[in-house]
Amino acid sequence: MTTFSSYKREEIMNNIQETSLDLLVIGGGITGSGIALDAVTRGLNTAVIEMQDFAAGTSSRSTKLVHGGLRYLKQFEVGLVAEVGKERAIVYENGPHVTTPEWMLLPFHKGGTFGPFTTNIGLRMYDFLAGVKKKERRKMLSPEEALQTEPLIKKENLRGAGYYVEYKTDDARLTIEVMKKAVQKGALALNHTKVTELLTNDAGKLIGVIVEDQITGKTSEIFAKKIINAGGPWVDQIRELDEEITGKRLQLTKGVHLVFSKEVFPLRQAIYFDTPDGRMIFAIPRAGKTYVGTTDTPYQGDIANPTITEEDREYILDAIRYMFPTIDLKQDDIESSWSGLRPLIAAEGKKPGEISRKEEIFISDSGLISMAGGKLTGYRKMAEEAVDTVVKQFKEEGILYDKSSTKDLPISGGEVGGSYGFSRFKKRMIEQGMIHNLSEDEASNLISTYGANVEKIYEYIEAAQDDMALSKVMYAQLKYAIEEEMAYKPTDFFIRRTGKLFFDIASVVQYKDAVLDYMKDELNWTDTQTKDYTEEMNRLIDEAQHAETKKDH
């Protein structure tokens, strides 16, 4: 097993350089993580490099649903619905701690997008195509039953509702757990490492990359037989290092989510609902909060830091007022927020919401393999397709590798016997957590975050000192994040490893200085690093709390 520790960054880079790599993956989002896991389990010597942090782009900024794609029925993408529906069940069984079923209410009003007849047919088709379990198949509710299920929805012209199951997830945790499993299987992975140049031989064929460590500034050469570009929103930037792009390009669209406390928006039921302009968005209760999104607008600004415009914010607030007329939310009620980008493949003449989410693979003359598009739900199948492309090339060169074996492979933390085994595991671990003086809720939250790895967290809690500036739970999570999950910056910890910036921002404000002090001492930051990471953390807290109102360029 290779290491995934921030204490071992130099060692990991040395191993990457010294290993005869079959495959180098550029990008550590859910696609790159999935590719790494698929490749290493087939026997390919595999490494992953990520410019920012793992899951720092789209893979921590989605609607946090592993969903079956009901909306794609409207676009007649029947095959896509069938595929992502089946993949959803696989994602759930392989990581039941980070993915859980969630009943979703789809209200329909007179003049709305969906009506009782079309919804009934659509959901019935959805159940069939997505292979939905019998106990999770759709129900049709009368207006009275819909209001009993969620009293906050608009009563006027209510014609009833569909009731079906989606799956909610922690997108960043899912990505981290997939990457951890890849590392456990022998992959090498390093974050904060940017590709600055592609290396080719005299025949113009790709043989490696030059990277710059974003922490030390050191440059290094990495050589590999095959290279996959899984850069998400940055796919075209990597392609442009290789050649002038003459074919299809990405079209980035932005999705914004706002988070409210349960006190100001006491939603008790997840809702998929109409907006005044005929789009559909989600409102989802989670961890004592309610979050709402998403927008879908063309984006041309800073890819690394998409922020929320006044128009974005007001669009979602207007949508909430439209569907939940008794709730009068204002900007001051926003507790946190996030904005992410969808790396879609451009389609001329289509609006953002009409562009297909289907993935595509591009292979350049130099041999660079680029994967673009796709959905969080389909990450495993996308990875299989990408590695199949590599394996086919190796086969033509006389080298044989196995078929994909990830369909029934638990991700890190998912080694609990599937969804059925997880319920028993969780009960046992809650009891164990209470022995460590945790409340039932605290233990439950830790188990949902770390799954089978929670016992390591308990060990760190037990070892924590009483007089620390951090709470024992926060200390245990931080220590684990640095040692076992390659967190290097406070943003890595507060956003990708724990999601606290989005769903527990009060604790971020309370403990950020203590976290900074601990990480500075443990990782030997320079004064410049300390200043930069502190400013970055403060800026992101401010943006999340106040829903920045910059203009997109």
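1. How many residues lie between E7 and E8 in their hairpin, and which residue in the turn has a positive phi? The hairpin has five residues between the two strands, and Gly-204 in its turn has a positive phi of about 80°. Strand E7 covers residues 193-200 and strand E8 covers residues 206-213; the two run antiparallel and are joined by seven bridges. Within this pairing, Glu-197 stands opposite Ile-210 in E8. Strands (E, at least two residues) and helices (H or I, at least four) are DSSP runs numbered from the N terminus, and two strands pair if DSSP finds at least two bridges between them.

2. On the basis of these values: this is a predicted model, in which local features need pLDDT of at least 70 and side-chain atom pairs count only at pLDDT 80 or more, while totals for chains, interfaces and linings use all residues. Residues are numbered from 1 along each chain as its sequence is written, and side-chain values use heavy atoms, with hydrogens and water left out.

3. The largest nonpolar core holds 62 residues, of which Leu-24, Ile-35, Leu-174, Val-209 and Ile-222 touch the most other members. Helix H9 (residues 379-396) gives the largest share of this core, eight residues. Another core, of 50 residues, lies apart from it and includes Leu-129, Tyr-164, Ile-215 and Ile-495. A nonpolar core is a set of buried Ala, Val, Leu, Ile, Met, Phe, Trp, Tyr and Cys residues joined through side-chain atoms within 4.5 Å; buried means under 20% relative accessible area, exposed over 50% and partly exposed in between (1.4 Å probe, protein chains only).

4. The structure holds 18 aromatic pairs. The ring centres of Phe-260 and Phe-265 are 6.1 Å apart and their planes stand at 65°, so this pair is edge-to-face. Rings of Phe, Tyr and Trp (its six-membered ring) pair if their centres lie within 6.5 Å; planes under 30 degrees apart count as stacked, over 60 as edge-to-face and the rest as tilted.

5. Tyr-488 and Tyr-533 also pair edge-to-face, because their ring centres are 6.4 Å apart and their planes are at 85°. This pair links distant parts of the chain, 45 residues apart: Tyr-488 is in the loop between helix H13 (472-485) and helix H14 (490-497), and Tyr-533 is in helix H17 (residues 527-546). Tyr-488 counts as buried at 6% relative accessibility.
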